[in-house]
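Visitor: Could you show me how to read the disulfides in a protein model?
Guide: Gladly, let us look at the model together.

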Amino acid sequence: MWPRLFRQALLAAVLALAPACQEPGSSPQVQLITTTCEGLLPLEGATHLRLRITGEGISPPIERITPVDLLPLDIPVIPPGENRVIEIRAHSGEHSSAGTVVSVGRSFPFTMPEEGAPSEPVSVTLYRVNTFIPLESSQQPGTCLEFVRPRAGHTATRLADGRVVVAGGFWLTEAGERETLSSVEILDPRQRTLTSLALPDSDATRRAFHTASLMLDGRVALVGGESQSPGGIATPLSTAVVIDPATQRVQQFSLAEPRSRHAAAADIAGRILLVGGVGADGSLISSGEGVEPAAGRSFPVPTPLPRMGATVVPFQDGQRLAVIGGSDGFEVFREVLMFSFNGTTYSPATANVLLRQGRRDAVAAAFDDGQKLLVLGGYSTAETPDENARLVGASEVLSLNPEAPSLSIGPAIVDRGNLCAVGLPGGRVLTAGGRRLGDSGLSSSGVAELITPTENLTGGALGMLPITPPRYLHTCTLLPDGSVLIIGGLDEGNGSAQVAKGIYLFMPVPRD
């Protein structure tokens with residue numbers, strides 16, 4: 001008790017003796033959350049904390065070392081301004097050295113007023129680094145958050161305020177049959193809550209293997225997909241639906257043709273390019289399609305795009321879209337096509353680039369402030385992946401300069417397809433899950449890697465503890481605090497299929 005009281009008195013004395021000409025600002029109230037519903041506590045083994053304040057006009061960052069029992073007087077004065085972030089690192093080791101980082105937490109960006117402090121406490125949740133941590137419920141401490149029904153083949157769309165809209169997908173009945181879900185839930189990672197939307201038309205949102213895009217006005221567009229009842233056949237959908245999370249209103253409009261398991265991305269104006277997918281008769285769709293969800297319409301794209309398992313990503317701040325890889329069932333494509341909107345439709349650029357390795361069902365993650373893409377994994381066989389599939393264990397770095405795009409070899413990774421990947425702040429990329437070949441054919445994988453991509457072979461992939469259970473058909477979403485949200489997926493291990501439960505966060509250890 002005495003050291004704590006002494007520290008309080010010392011800090012109070014220092015503040016009282018501070019010169020009147022000190023920089024304007026104040027210390028916000030900080031709510032530090034150090035509990036968990038499973039595994040090691042964030043402060044277990046920690047000897048001290050390092051506080052780091054960043055934001056516009058704060059250079060260098062404001063730093064302070066404190067004991068683990070954080071006090072209000074330990075919070076430094078933060079100058080007024082926007083996009084302030086409080087980072088707290090829990091270290092083990094001597095105070096005089098950096099020690100080992102065991103846990104990290106960051107606030108969501110907040111604004112410091114000209115006078116006083118924010119009206120609400122700034123919340124910082126500590127997470128153990130470089131491992132997958134189940135998200136705890138704030139309403140039931142010690143209990144892990146779970147969806148009403150676990151899901152796979154769904155979408156997860158991050159809103160501007162950091163909440164995530166989780167829509168559709170499928171679950172498995174007790175008989176092991178797929179049933180498409182219509183539920184839409186909003187996950188708030190900062191508040192650690194899960195809320196189901198009471199939508200008026202559940203049939204409109206009943207879809208799996210669709211795509212989801214965030215619109216400029218904050219609504220979410222779900223495009224295409226398929227619906228399946230237990231024991232029935234999956235039926236591709238010829239509709240798109242726009243969901244307003246604020247009003248819980250739903251608007252539906254028609255596409256040119258049914259389309260499921262396609263690829264899509266939105267450009268800077270909110271238009272969406274659809275590529276490939278499966279049509280009503282189960283065959284590959286060769287025509288592309290553009291969608292303007294704000295207008296509730298679609299438009300034709302004249303360039304043929306017969307690509308199943310392609311990846312579509314925005315680049316150049318969303319002014320252009322890149323279509324990477326894919327297969328027409330006979331050939332795996334190496335071409336990376338670049339599209340932009342010409343005022344009427346999407347048209348291809350004249351300068352394109354070839355992948356060193358054709359691949360389908362790969363993934364691409366942006367890094368280097370979105371100027372480059374890391375293409376990872378996939379299958380080099382053209383047919384639908386099965387026990388004869390050839391997995392790709394290579395990555396490639398794409399520099400998408402519109403005038404002269406280039407490509408170089410990236411780090412080697414564990415060979416697998418249907419993985420997810422997320423570009424992290426600072427230039428690294430996290431991969432998680434996917435499918436690998438085992439004794440009984442393709443099965444779910446829990447492999448996770450933290451990759452530092454470079455163009456000169458000096459980068460590498462560092463293996464992380466695997467995510468359990470293993471999974472594919474899951475989602476990975478970057479959150480404003482730099483962590484990655486992992487939701488759902490299908491686990492085909494142990495001779496039977498199960499939909500993975502739980503909501504997980506991965507907090508990468510800082511590079512500096």
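Guide: What follows is a short tour of the disulfides.

Guide: This is a predicted model, where local features need pLDDT of at least 70, side-chain atom pairs count only at pLDDT 80 or more, and totals for chains, interfaces and linings use all residues. Residues are numbered from 1 along each chain as its sequence is written, and side-chain values use heavy atoms, with hydrogens and water left out.

Visitor: How many disulfides does a search of the whole structure find?
Guide: A disulfide is a pair of cysteine sulfur atoms within 2.5 Å. Here the search finds two, and with bonded cysteines counted along the chain their pattern is 1-2, 3-4.

Visitor: Which parts of the chain does the pair C37 and C144 link?
Guide: Strands are DSSP runs (E, at least two residues), numbered from the N terminus. The sulfur atoms of C37 and C144 are 2.1 Å apart. C37 sits in the loop between strand 1 (30-33) and strand 2 (48-54), and C144 in the loop between strand 9 (132-134) and strand 10 (155-158), 107 residues apart. The S-S torsion is about 100 degrees, so this disulfide is right-handed.

Visitor: Is C37 buried or exposed?
Guide: Buried means under 20% relative accessible area, exposed over 50%, partly exposed in between (1.4 Å probe, protein chains only). C37 is buried at 15%, while C144 is partly exposed at 25%.

Visitor: What does the disulfide of C420 and C476 tie together?
Guide: Their S to S distance is 1.7 Å. C420 lies in strand 35 (residues 420-423) and C476 in strand 41 (residues 475-478), so the pair ties together parts 56 residues apart in sequence. With a torsion of about -40 degrees, this disulfide is left-handed, and both C420 and C476 are buried.

Conventions: Helices (H or I, at least four residues) and strands (E, at least two) are DSSP runs, numbered from the N terminus.
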